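Please read them with the structure open.

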Amino acid sequence: MRIFDPHIHMTSRTTDDYEAMYDSGVRALVEPAFWLGQPRSNVGSFVDYFDSLIGWERFRAAQFGIRHHSTIALNPKEANDRRLHEVMEILPRYLAKDGVVAVGETGYDSMTPEEDTILEQHLALAIEFELPALVHTPHRDKAPGTQRTLDVVLASGLPAERVLVDHLNETTVDIVADSGAWMGFSIYPDTKMDEQRVVAIMQRIGLDRIIVNSAADWGRSDPLKTAKTGHAMLAAGFSGDDVDRVLWRNPVDFYGQSGRLDLTPVPGFEPARQGPDTFEGNSVLRGMASRREA
Ligand SMILES: [Zn+2]
């Protein structure tokens, strides 16, 4: 199985995670700029963070055979700190870089006027730099929040096919499906969305524009949720080609619109291989299977 994890915060993860991800089939990923938990107090913190996303973390991933890309933005939560609006002025210099494949994560956190302003500026940058946009949905007021997000995004003039709306669930997926934007599902151990639920959504609406990610970060999360979703798809009767479409071709099609994906194998590592056969060689998933049989 070959896997492209389109949303994972490797800055918060360990080398064990990189090794286990490689073992499960991950050969490329996208790390969106996000909220680090501890609020930042000045623009310099963002300069260093963005530099580490396009520099150090890219280098670290390659040491484990994984191609690393990033998306750059001022996240919606910190958009509410006016001291940080200066961050918007440094974004153009990062959006021009090779490994940066989208503007994001942007969107709404609490749907404040500050978030409106910053979201509109991000969308204008996506148009200016001819990049896709990664837009996340608010945690509260999920359905109305998603509708408002889509209204603002599509009014900006950014074509729907260049927009990925993330963290969807059963209450928000249909609005996004109808809009023509890509649908992102973050698979977590015990919140938001799990493997079985996303497979049920796939059975209902098909695999067009469906993207699955682990969104693993500094909270309770699992960087192998992409592989585990592939396994759940097979168990539900989807083919190896279906799994390849969701875990590799769909995210590659979406982020490929940037013209900046590097999917060449890292020298010294095995190329990504399509097909469900490698599932059986994977110790994590073998463990899952034997637990199920027991
Ligand atoms: Zn995230």
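1. Helices (H or I, at least four residues) and strands (E, at least two) are DSSP runs, numbered from the N terminus. This is a predicted model, in which local features need pLDDT of at least 70 and side-chain atom pairs count only at pLDDT 80 or more, while totals for chains, interfaces and linings use all residues. Residues are numbered from 1 along each chain as its sequence is written, and side-chain values use heavy atoms, with hydrogens and water left out.

2. Two backbone positions with positive phi deserve a look. Alanine 215 sits in the loop between β8 and α9 (225-235), and its phi is near 45°, a positive value in a residue other than glycine. Alanine 215 is buried, at a relative accessible area of 1%; here buried means under 20% relative accessible area, exposed over 50%, and partly exposed in between (1.4 Å probe, protein chains only). Arginine 209 also has a positive phi, of about 60°, although it is not a glycine. Arginine 209 belongs to the loop between α8 (195-205) and β8 (210-213) and is partly exposed, with a relative accessible area of 25%. Most residues other than glycine have a negative phi, and most peptide bonds are trans.

3. How many of the 11 residues of α9 are buried? Nine are, so α9 is largely enclosed by the rest of the structure. The buried residues of α9 include Lys225, Lys228 and His231. Glycine 237, with a positive phi near 105°, follows α9.

4. The zinc ion is coordinated by His7 (NE2), His9 (NE2) and Glu105 (OE), at 2.1 to 2.2 Å. Donors are N, O and S atoms within 2.8 Å of the metal (3.2 Å for Na, K and Ca); water is not among the atoms, so sites may look incomplete. The donor residues of the zinc ion follow the spacing H-x1-H-x95-E in sequence. Histidine 7 is in the loop between β1 (3-5) and α1 (15-24), and glutamate 105 is in strand β4 (residues 100-107), so this pair ties together parts that are 98 residues apart in sequence. Histidine 7 and glutamate 105 are both buried.

5. Glycine 104 and glutamate 105 are joined by a cis peptide bond, with omega about -10°.

6. The largest nonpolar core holds 72 residues, of which Phe50, Val87, Phe185 and Met202 touch the most other members. A nonpolar core is a set of buried Ala, Val, Leu, Ile, Met, Phe, Trp, Tyr and Cys residues joined through side-chain atoms within 4.5 Å. In soluble globular proteins, nonpolar side chains tend to be buried together.

7. Which residues does phenylalanine 50 touch, not counting residues up to four places away in sequence? Phenylalanine 50 touches Ala33, Ile72, Ala73, Val87, Ile90, Leu91 and Tyr94 on that count, where contact means heavy atoms within 4.5 Å.

8. Phenylalanine 185 lies in strand β7 (residues 182-186) and counts as buried, at 0% relative accessibility. Leaving out residues up to four places away in sequence, its contacts include Leu168, Val173, Met193, Val198, Ile201 and Val212, as well as Asp166, Asn169 and Asn213.

9. Helix α5 (residues 113-128) contains aspartate 116, which touches Tyr108 and Arg148, not counting residues up to four places away in sequence. The C-alpha atoms of aspartate 116 and valine 152 are separated by 8.6 Å, although the two are 36 residues apart along the chain. Alanine 124 is also in helix α5 and counts as partly exposed, at 45% relative accessibility.

10. The largest pocket is lined by 21 residues, of which Phe34, Trp35, His139, Lys192 and Asp217 lie nearest its centre. On a 1 Å grid over the protein atoms alone, a pocket is an open set of points where a 1.4 Å probe fits, with protein on both sides within 12 Å along at least five of seven lines; lining residues have an atom within 4 Å of a point. By class, the lining has six nonpolar, eight polar and seven charged residues. Ala, Val, Leu, Ile, Met, Phe, Trp, Tyr, Cys and Pro count as nonpolar, Asp, Glu, Lys and Arg as charged, and the others, Gly among them, as polar.
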